[in-house]
Amino acid sequence: MITVVTCTYRREPHFAWLADSLARQEGTPEFEWVVIDGMLWRDEPARRAHLAECVRGRFPVRHFPPKPCRWQGPARYTTHD
């Protein structure tokens with residue numbers, strides 16, 4: 001199995017375009033798409049639903065926020081991006 005990892009911090013990362021591109025890769029081994037999404041800290045339910053809608057069950061996908069640290073996420077110490 002091959003894992004395709006995408007990291008993004010964009011408000012609109014064009015999930016649909018990338019999902020369509022991955023789905024068209026005929027003759028490739030089985031793969032999964034892992035999305036590390038910096039915007040999940042802000043709008044998690046809507047963002048997850050949008051990605052699932054773009055993939056439409058054509059291949060496995062896992063959607064995660066980035067690892068929390070002092071600069072992002074619930075453990076954030078800073079006040080500005």
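Predicted model: local features only at pLDDT ≥ 70, side-chain atom pairs only at ≥ 80, totals over all residues.
In what order do the 3 strands of the open sheet lie, and is their pairing parallel or antiparallel?

View 1. The 3 strands follow the order 1-2-3, and the pairing is parallel. Strand 1 (2–8) and strand 3 (61–64) are the edge strands; each has a single partner strand, so one side of each has no neighbour in the sheet. From one strand to the next, the twist averages 15°.

**View 2. Strand 1 beside strand 2.** Here we look at the parallel pairing of strand 1 with strand 2 (residues 31–37), which runs over 7 bridges. To find your way along the pair, pick out V4: its bridge partner in strand 2 is W33.

View 3. Helix 1 (residues 15–23) lies across strand 1, strand 2 and strand 3. Relative to strand 2, helix 1 runs at about 165°.

View 4. T8 belongs to strand 1. Its relative accessibility is 14%, and because buried means under 20%, T8 counts as buried. Leaving aside residues up to four places away in sequence, T8 touches P13, F15, I36, D37, G38 and R47. A polar atom of the T8 side chain also lies 3.2 Å from the backbone nitrogen of R10.

**View 5. F15 and W33, an edge-to-face pair.** The whole structure holds 3 aromatic pairs. In one of them, the ring centres of F15 and W33 are 6.3 Å apart and the planes stand at 80°; since planes over 60 degrees apart count as edge-to-face, this pair falls in that class. F15 sits in helix 1 and W33 in strand 2, so the pair ties together parts 18 residues apart in sequence. Both F15 and W33 are buried.

**View 6. F31 and F59, a tilted pair.** The rings of F31 and F59 form a tilted aromatic pair, with 5.1 Å from centre to centre and 35° between the planes. This pair links distant parts of the chain, 28 residues apart: F31 is in strand 2, while F59 is in the loop between helix 2 (40–55) and strand 3. F31 is buried, with a relative accessible area of 13%, and F59 is buried too, at 9%.

**View 7. The aromatic cluster.** Finally, we bring the rings of the last two views together: F15, F31, W33 and F59 form one aromatic cluster.

Notes: Residues numbered from 1 in each chain as written. Heavy atoms only, no water. Pairing = 2+ DSSP bridges. Helix = DSSP H or I, 4+ residues; strand = E, 2+ residues; numbered from the N terminus. Axes fitted to C-alpha atoms, helices over the stretch in contact; angles between N-to-C directions. Contact = heavy atoms within 4.5 Å. Buried < 20%, exposed > 50% of the residue type's maximum accessible area, 1.4 Å probe, protein only. Polar contact = N/O pair within 3.5 Å; in protein donor to acceptor, adjacent residues only side chain to side chain. Phe/Tyr/Trp six-rings, centres within 6.5 Å; stacked < 30°, edge-to-face > 60°.
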